[in-house]
Amino acid sequence: MSVPGPFEYRGDALHCEGVPLAKIAADVGTPVYVYSHAELERAYKAFDAALEGIPHRVCYAVKANSSLGVLAVLAKLGAGADIVSAGELFRWQKAGGDPAKVVFSGVGKTDDEMKTALAAGIGCFNVESAEELEVLDRVARSVGKRAKIALRVNPDVDPETHPYISTGLKQNKFGVAMSEAPGLLRGAAKLAGLEISGVDFHIGSQLIKTAPFTDSIARLVALVEELAAAGIKLDHVDIGGGLGIDYGKGDVVPSPAEYGVAVRTALAPLMKLGVTLYTEPGRVIVGAAGALVTQVLFRKRNEAKHFTIVDAAMNDLMRPALYQAFHPMKPVTRPERPTITTDVVGPICETGDFLARDRELPELDRGELLWIGAAGAYGATMASNYNTRPRAPEVLVRGNSYTVIRARETYEHLIAGERIG
Ligand code: LLP
């Protein structure tokens, strides 16, 4: 299995760019998230370049990785942001991101979040229901503003991904039915607090085929043409995020360039209408740039299995427990040695606390370090304090040096705000 991304062995030692992971672990402790600056830049630029030739805006999905240090890299490259809470807007602005390039997605925005986003001057609200249109109109008028909106439609296309991260089927809670969109937009056009800017969809995450995107775009094209004929002119269409990455499991994932070709072809009929394409990629920008480095605490074998017990757990990286997700793993030193089949598990008191099951891995000794790859997206952002475990620090490597962009939490952080009776 090849190690995806910017992590490679130099001699016997796994490095991130020019820095040995063992050095970071020695300095900062484990578990620790490590990100490559070069890979963040490369992935963002590759995605952006794939859409070259059509007017477009890349709105990075902040939920994938919202550390200020990561956001700042992307903001500097000119990225916009897809946010789903006022908290993410706060982070984006703290990291130097431009609020005018923000789209605000999500089925459940509060009135306060709407006000905060209006005050910040965000680019667009991706509205997901008839009631949200009414409320946003009212809130915008109450603060003397007009909210730019895109209506999120549900194209009812199967993204063929894990059911928990599939969002574009009619049984999902997201968006409105295609057939309802023209009526809702005609109504919205009459509301003084709203300015119609676009339509959008997001059909799911970790998509490994282009067909669900192009099928959805075909439906969107038909809708935009129908709207244009009815006198509703849009200035953008937003096709969400969702492009998958290689988790080292043998899936063949379209490259951003292949995705770009498919998207451009499917969108071609709209180009004469002068619309700009918005996208909301998360995983494909940050996924391969990050790894979780953990240390082996114990090994044990029972009648059925061998277990490698490490100091990272489901609270640090929830994806295996929640989605049965596969993450590549490698020893941080000496990759060439006999392998065993083992379950890699954490210290948390749940059978669901595993990071890998029945994995073929070089046998590791107590104290050795294990690299868990492709963890830059939905790793740190989904971490929790379950079992009163402080969240892991995050380190950003740049060339031969690194910065701790988020310190390990302390026990005092964990109880801040609590009181006894
Ligand atoms: N736009 C919207 C409206 C979204 O809901 C999402 C992700 C994205 C963009 C970015 O999708 P991406 O390009 O990253 O696939 N925690 C799950 C993934 C949940 C994705 C939720 N929405 C995981 O670890 O696989």
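**Entry 1: Tyr-259.** I looked up Tyr-259 in this predicted model and found it buried, because its relative accessible area is 2% and the cut-off for buried is under 20%. I then checked Phe-213, which is likewise buried, with a relative accessible area of 1%.

**Entry 2: aromatic pairs.** I noted 5 aromatic pairs in the structure. Among them is Phe-47 with Tyr-259, a tilted pair with 5.5 Å centre to centre and 35° between the planes. This pair links distant parts of the chain: Phe-47 belongs to helix α2 (residues 37–50) and Tyr-259 to helix α9 (residues 256–271), 212 residues apart. I recorded both Phe-47 and Tyr-259 as buried.

**Entry 3: charges over rings.** I found the charged end of Arg-357 over the ring of Phe-354, 3.9 Å from its centre. I also found Lys-109 over the face of Phe-104, at 5.5 Å from the ring centre.

**Entry 4: the sheet.** I traced an open sheet of 3 strands in the order β1-β2-β3, paired antiparallel. Its edge strands are β1 (7–10) and β3 (19–20), each pairing on one side only. Strand β2 (residues 13–16) is joined to β3 by 2 bridges, and I identified Val-19 in β3 as the bridge partner of Cys-16.

Technical notes
Residues numbered from 1 in each chain as written. Predicted model: local features only at pLDDT ≥ 70, side-chain atom pairs only at ≥ 80, totals over all residues. Heavy atoms only, no water. Pairing = 2+ DSSP bridges. Helix = DSSP H or I, 4+ residues; strand = E, 2+ residues; numbered from the N terminus. Phe/Tyr/Trp six-rings, centres within 6.5 Å; stacked < 30°, edge-to-face > 60°. Buried < 20%, exposed > 50% of the residue type's maximum accessible area, 1.4 Å probe, protein only. Lys NZ or Arg CZ within 6 Å of the ring centre and 35° of its normal.
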